[in-house]
Structure formats: C-alpha cells, structure tokens
Amino acid sequence: MSTPPDAALEIVAQAIPNDERVWVPQAPSVWFRPLMLNTVNGGWCNLLRVRKAGVLSRHRHPAPVHGYVIKGSWRYLEHDWVAMAGSYVFEPPGETHTLVVDNDVEEMITFFNISGAMIYLDANDRQIGYEDVFTKIDMCRRHYAAVGLGEDYLQQFIR
Ligand SMILES: [Fe+2]
C-alpha cells in the first residue's frame, strides 16, 4: 500500500546534533533538543541534556511520559530506582516527582516522549510553571533566531 497523500511528513534527524546551537537552553547547564513537536496530539519528543548536579525540577504529568536514557543517570526523589544509561522509563499520568542528577554524573542525556504538558510545582504542590508543545515551540523559535539558525529552522520538527 502506498502512503496516503495526507500523511504527515516523516522526520529523520541526527538526534545528538553536531551543531551545538541546536540545543535550546532551558536553565543554567540544562538544554533540550527538539525532535518532534506534536501540535495535533499535544506533546513533544526531545533530548534533555544536563551538565550539573542537584535537583532540576519538581513536576507533575497529567499524561504519560516515556524516556530512554542515552548517557549518564538520574533519579526521582520519590522513588528508589536510578535510571541508568540504557534504561527505559515510563512515567504514568498523575505522577508528581522531583528530578535529581547526582554529583558523580558529568552529563546526562535522555530521550523523552512527553504527552500533554509539564506542570512545575513547589514543595507545597503550588503550580510555579507550565510547559506544553506551544511553549516549547516559542522557546525554540526565539533561540534559533538568536543563534543565527533562523526561526524557520524549527519548522522541520513541527507536525
Ligand atoms: Fe517527569
């Protein structure tokens, strides 16, 4: 069977880019690399890269997240497991957890497929931030314009 004419275009990208500018700064020593920004289902696939130790964020997922650790390791304060290079992680809807990278990890890189949104919380469960595919698109667009790749560089990752 041939591909229907209305099917979305495929994406094939070198996930860990040669061009450092493709990494979008998220926070000091934290970056993400967009791979697929899904405006139809509401979600996104990206790599998260962290080059610092400590707590990164406390957050809640209203929808499922799938992760695959490519390099380094990380854990959630609420669980007793450590996600190591090669680990697959499923984060069920409703989870609130606190992401930590330990001191002995120089760099962690993890692929995440995030549905819906990230809801950032303080220690008392008050919302202090929110991200969805559209806030991610905004961040990418501003960054790629600023570093000279151009706003349209992002277009290849949006469906
Ligand atoms: Fe999470």
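**Strand pairing and helix packing in the predicted model**

Strand 3 and strand 10 (residues 108-115) run antiparallel and are joined by eight bridges, where helices (H or I, at least four residues) and strands (E, at least two) are DSSP runs numbered from the N terminus, and where two strands are said to pair if DSSP finds at least two bridges between them. The model is a predicted one, in which local features need pLDDT of at least 70 and side-chain atom pairs count only at pLDDT 80 or more, while totals for chains, interfaces and linings use all residues. Residues are numbered from 1 along each chain as its sequence is written, and side-chain values use heavy atoms, with hydrogens and water left out.

Strand 8 has a covered face, made up of V89 and E91, and an uncovered one with Y88 and F90.

Within strand 3 lies N46, whose bridge partner in strand 10 is F112. N46 counts as buried because its relative accessibility is 5%, buried meaning under 20% relative accessible area, exposed over 50% and partly exposed in between (1.4 Å probe, protein chains only). The side chains of N46 and W44 are joined by a polar contact of 3.1 Å, that is, a pair of N or O atoms within 3.5 Å, of which, within protein, one must be able to donate a hydrogen and the other to accept it, residues adjacent in sequence counting only if both atoms are side-chain atoms. Leaving aside neighbours within four places in sequence, the contacts of N46 (heavy atoms within 4.5 Å) include F32, R33, F111, F112 and K136.

Helix 1 (residues 133-146) has 14 residues and reaches 20 Å from its first C-alpha to its last, close to the 20 Å expected at 1.5 Å a residue, the expected span being 1.5 Å times one less than the number of residues. The buried residues of helix 1 are V133, K136, I137, C140, H143 and Y144. They cover an arc of only 135 degrees around the axis, which puts them on the same side of helix 1, the arc being that of the directions from the helix axis to the C-beta atoms. R142 and A146, on the other side of helix 1, are exposed. What covers the buried residues includes strand 1 (24-27), strand 2 (30-38), strand 3 (43-50) and strand 12 (127-132). The N-terminal end of helix 1 is capped by D132, a side-chain oxygen of which lies 2.9 Å from the backbone nitrogen of F134, and just after helix 1, G148 takes a positive phi of about 95 degrees.
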